[in-house]
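This briefing concerns a protein model and the ligand placed in it. Please have the sequence and the structure at hand while reading.

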Amino acid sequence: MNTTKYIWQNNKFIPWDDAKTHVLTHSLHYGSGAFEGIRAYATDKGTAIFRLPEHIKRLFYSISCIDMQLPYTEKEICEITLKLVAMNELKECYIRPLAYYGYGKMGVNPIGAPPEIAIACWAWDSYIAHPSVDLKVSEYVRIPRSVSIADAKLTGNYLNSILGLLKIKGTHYHETLFLDIDGYLAEGSADNIFVIKNNKIYTPRLGSILAGITRQTAIELAKDMGISVEEKNLKLEDIFTADEAFLTGTAIEIMPIRSIDDKLLGSGEAGKITKNIQKNYLDLVRGKHTNPKFQDYLAFV
Ligand code: PMP
């Protein structure tokens, strides 16, 4: 890892190597935590964190799903995050807030274990170092709403993603695509999916997927470009017959999909609409988008 000077843990900025927790930390055993993945980018006006309040709002929603209360407001966590990035003197970085039930009690019920929170940030360039990705449809289905709270970013939910990724270990696939329990397209292990057909964009409706902040941004950018976006149930055939498709996520940004289960999409090259959205997204996060309505999306460090 690209280590930095400081991590913020339980209200203290401490050296990276000192940010530790006991082995009997509740969430280590039972997945009783919630986290975020956020990025900061270099802009002409200095480093800016992209859609910080939205990420912290989602963190607070996720912790509320596991009955966790933290002694901080969303605004305070935003301010601490900005300060941490500044203290670490990073121009661009990935930011990982993690709230978890800590050490002090065992047993599955987390109530009684202390809620704790840490924020780390580090330089992390590309999540997948490829210009486009090959996907494999997973044998696992995405966690249905009747099993867990799929739209919360809970640590325990990620076992589903981990198992999906382990299935493609050692293959040429870069990412796994989950269907939901009814067989509709859901999402990747850490990203949302979009399909383009006849110049129209489609993406799975919310429900059993994470409400991705990049997904929301891509929808807004597409609409700003005058392209219609429909959120609806999509079948596998919809993607197999698509002209273009792409993934969205804070880590992966806008990633063209080259193939699914070895079937090339279109010509196999990143499509025109995907490339446009990707360019607009990268302009936006780096403060270069011309539409002033997106200005508030950058929180300057
Ligand atoms: N789905 C899952 C399962 C994820 O882990 C992520 C990454 N946070 C996403 C979608 C994309 O969300 P975002 O655009 O907010 O990063």
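The points below cover the ligand site and then the salt bridges.

The model is predicted. Its ligand sits in the largest pocket, where 16 residues surround it. The count of salt bridges comes to 13.

**Position and surroundings of the ligand**

- By residue class, the shell around the ligand comprises 7 polar, 5 charged and 4 nonpolar residues.

- The side chain of K153 places a polar atom 2.9 Å from a nitrogen atom of the ligand.
- A polar atom in the side chain of T214 lies 2.6 Å from an oxygen atom of the ligand.
- For T250, an N or O atom of the side chain is 2.6 Å from an oxygen atom of the ligand.
- On its own the ligand has 380 Å² of accessible area, and the protein covers 96% of that area.

**Salt bridges**

- The model has 13 salt bridges, and one of them joins K75 to E79.
- In the salt bridge between K75 and E79, the closest N and O atoms are 3.4 Å apart.
- K75 and E79 both belong to helix α3 (residues 74-87) and are 4 residues apart, so about one helical turn separates them.

How values were computed
Residues are numbered from 1 along each chain as its sequence is written. This is a predicted model: local features need pLDDT of at least 70, side-chain atom pairs count only at pLDDT 80 or more; totals for chains, interfaces and linings use all residues. Side-chain values use heavy atoms; hydrogens and water are left out. A residue is near a molecule or strand if one of its heavy atoms lies within 4 Å of it. A polar contact is a pair of N or O atoms within 3.5 Å; within protein, one must be able to donate a hydrogen and the other to accept it, and residues adjacent in sequence count only if both atoms are side-chain atoms. Accessible areas come from the Shrake-Rupley method with a 1.4 Å probe; for residues, only the protein chains shown count as cover. On a 1 Å grid over the protein atoms alone, a cavity is a set of points where a 1.4 Å probe fits but cannot get out, and a pocket is an open set with protein on both sides within 12 Å along at least five of seven lines; lining residues have an atom within 4 Å of a point. A molecule sits in a cavity or pocket if more than half of its atoms lie within 2 Å of its grid points. Ala, Val, Leu, Ile, Met, Phe, Trp, Tyr, Cys and Pro count as nonpolar, Asp, Glu, Lys and Arg as charged, and the others, Gly among them, as polar. A salt bridge is a side-chain nitrogen of Lys or Arg within 4 Å of a carboxyl oxygen of Asp or Glu. Helices (H or I, at least four residues) and strands (E, at least two) are DSSP runs, numbered from the N terminus.
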